[in-house]
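Subject: Structure handover

Hello,

Here is the structure I promised. Please open it alongside this note, then read on for what turned up.

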Amino acid sequence: MHAIPAVLTELSALDLSRWQFGLTTVYHFLFVPLTIGMVLLVAIMQTAWVRTDNVKYLHMTKLFGKIFLINFAMGVVTGIVQEFQFGMNWSDYSRFVGDVFGAPLAMEGLLAFFFEATFIGLWIFGWGRLSKKVHLATIWMTAFGVLLSAYFILAANAFMQNPVGFEINEAKNRAELVDIGAVLTNIVALNQFPHTITASLMFAGAVIASVSAYHLKRNQQVSTMRTSLRFGLWSVIVGGIGTAISGDGLGLAMVQTQPMKMAAAEALYNTSAPASFSIFTLGTPDGKSELFSIRIPNLLSYLSTHTLDGEVEGLNDLQAQYVSAFGPGDYMPIIWVTYWAFRWMIALGALSFLIAVVGLWLTRKGKLELPKWVWNVAIWAAPLPVLGISIGWLFTEMGRQPWLVFKLMKTADGVSPGINGVDVLISLIVFTLIYGVLAVVEMKLLLAAAQKGIEEEKSEDAADADQLTVAY
């Protein structure tokens, strides 16, 4: 009877806290890109309706606006839990950098979130009560608030990747904010923001295409769903191009601020000039023996320096530099995680883009007589972008290890001193169960809205009359 508690007390509060924060972060972030991408696309849909009076765009606005609202509500709930953990599990981190890290988070909560929440309310209850143009302005203001919220959060995360705008107070042993402008214009945030937004457009577009394909496969609501299908596919393509371009800029920023992460992305142990990029590699974990590899010559040099013969620092050289600067220790992340996460991120994004291109080709000139398996591919391809986004964030956060704040605070030094493994394990289990229930609820609500589709299509005059009474 006494053996079980003894075993539990040996569990690492640090490891369990990392698992718990990783769980809540990944779960919360499932909702974030759909919220960001969908609010922008819904705003475009409503703009098209106001400008053209085409009832199809009104139907699309209401259907995908409902999906946006369901997803937004779930994202708010899970985001609150995530922020609580900074005080629960990572109090030493919060005490050390809270003055800096907390500034953009406070801006997000006090400014951006209340801004977007206010205009969401006006948009929901403004149907039939506000003029078309004023009501349209509310969804664009909501989109602006969502983007502003995303930027502040990314600025906070960018500080962990590239700490700027602070000074160390030696007496209090904490970082203190001295330049909020530097924090908000962090080179990592400036590049991460467009990368996140464009990737979110890919996911939202894939969801729109998936819902449309579901109904077109069943020959339902054809007039509107044909339009929304191509709208969604074009959104994936535009988002995919933007993601690739912004990803290039983010890669350059990563080399500048975190060269170890770029080396880990390629499992490049020795400094090379030029450096090739491996699509697939089999070898030993220490990089000393490469059994098999498919490589693109000079590509890593170009990604890192925009020159074909640029030098890319290797893991071993960087490890030696960090030992000299920060003392003994292992400063490499888990290489197999970063290596494969980087490739899966790219592969899933590229696959989503390819499916969208093929989908547009197959449905050109109004052609919809397609085999059922084609529609099934469109339906089941919806999660691909969000999987790529989630794996990309896994690469971003795992590639920073062992640092919690790069070159400033190690992860092991940020965990709360007053907690033990049992406490964290209990909360981890509880959170996992609660999130499992919320996932079921979320999926049922989203699927119900998606499968119902639009209301019965009516004439434009009837639709205009309906909007006088409709409200979500």
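One definition before the findings. A crossing is called left-handed if the near helix is turned anticlockwise from the far one by less than a right angle, and right-handed if clockwise. Also keep in mind that this is a predicted model.

Helix pairs

Start with α2 (residues 13–29) and α16 (residues 421–452). Their axes come within 9 Å and cross at roughly 15°. Angles under 35 degrees count as roughly parallel, so α2 is roughly parallel to α16. The crossing of α2 and α16 is left-handed. On the α2 side, the contact uses A13, L16, S17, W19, Q20, L23, T24 and Y27. Their partners in α16 are G421, V424, L425, S427, L428, F431, T432, Y435, L438 and A439. Sorted by class, the contact of α2 with α16 has 12 nonpolar residues, 6 polar ones and no charged ones.

Next, α5 (residues 91–125) and α6 (residues 132–161). These helices pack at about 170°, and their axes are 7 Å apart. Angles over 145 degrees count as roughly antiparallel, so that is the label for α5 against α6. The contact of α5 with α6 has 25 nonpolar, 6 polar and 2 charged residues.

Then α9 and α10. Their axes come within 5 Å and cross at roughly 120°. From α9, the contact takes G251, M254, V255 and T257. From α10, it takes P259, K261 and M262. By class, the residues of the contact of α9 with α10 are 4 nonpolar, 2 polar and 1 charged.

The second largest pocket

This pocket holds about 1100 Å³ of space. It is lined by 47 residues, and the closest to its centre are H195, T243, G247, M345 and I346.

The largest share, 11 residues, comes from α9. By class, the lining has 29 nonpolar, 15 polar and 3 charged residues.

Backbone points to check

Most residues other than glycine have a negative phi, and most peptide bonds are trans.

- A273 to P274: the peptide bond is cis, with omega near 0°. P274 is in the loop between α10 and β3.
- Q401 to P402: this peptide bond is cis too, with omega near 10°. P402 sits in the loop between α15 and β5 (403–405).
- D53: phi is positive, about 60°, although D53 is not a glycine. D53 lies in the loop between α3 (32–52) and α4 (55–88).

The α10–β3 loop

The loop that holds P274 also holds S272. What does S272 touch, not counting residues up to four places away in sequence? Its contacts are G310, E311 and V312. As for M332, its C-alpha atom is separated from that of S272 by 18 Å. Along the chain, S272 and M332 are 60 residues apart.

Best wishes

Methods: Residues are numbered from 1 along each chain as its sequence is written. This is a predicted model: local features need pLDDT of at least 70, side-chain atom pairs count only at pLDDT 80 or more; totals for chains, interfaces and linings use all residues. Side-chain values use heavy atoms; hydrogens and water are left out. Axes are lines fitted to C-alpha atoms, for helices over the stretch in contact, and angles run from 0 to 180 degrees between N-to-C directions. Helices (H or I, at least four residues) and strands (E, at least two) are DSSP runs, numbered from the N terminus. Angles under 35 degrees count as roughly parallel, over 145 as roughly antiparallel, 65 to 115 as roughly perpendicular and the rest as oblique. Contact means heavy atoms within 4.5 Å. Ala, Val, Leu, Ile, Met, Phe, Trp, Tyr, Cys and Pro count as nonpolar, Asp, Glu, Lys and Arg as charged, and the others, Gly among them, as polar. On a 1 Å grid over the protein atoms alone, a cavity is a set of points where a 1.4 Å probe fits but cannot get out, and a pocket is an open set with protein on both sides within 12 Å along at least five of seven lines; lining residues have an atom within 4 Å of a point. Grid points are joined across faces, edges and corners, and a volume is the space filled by probe spheres set on the points.
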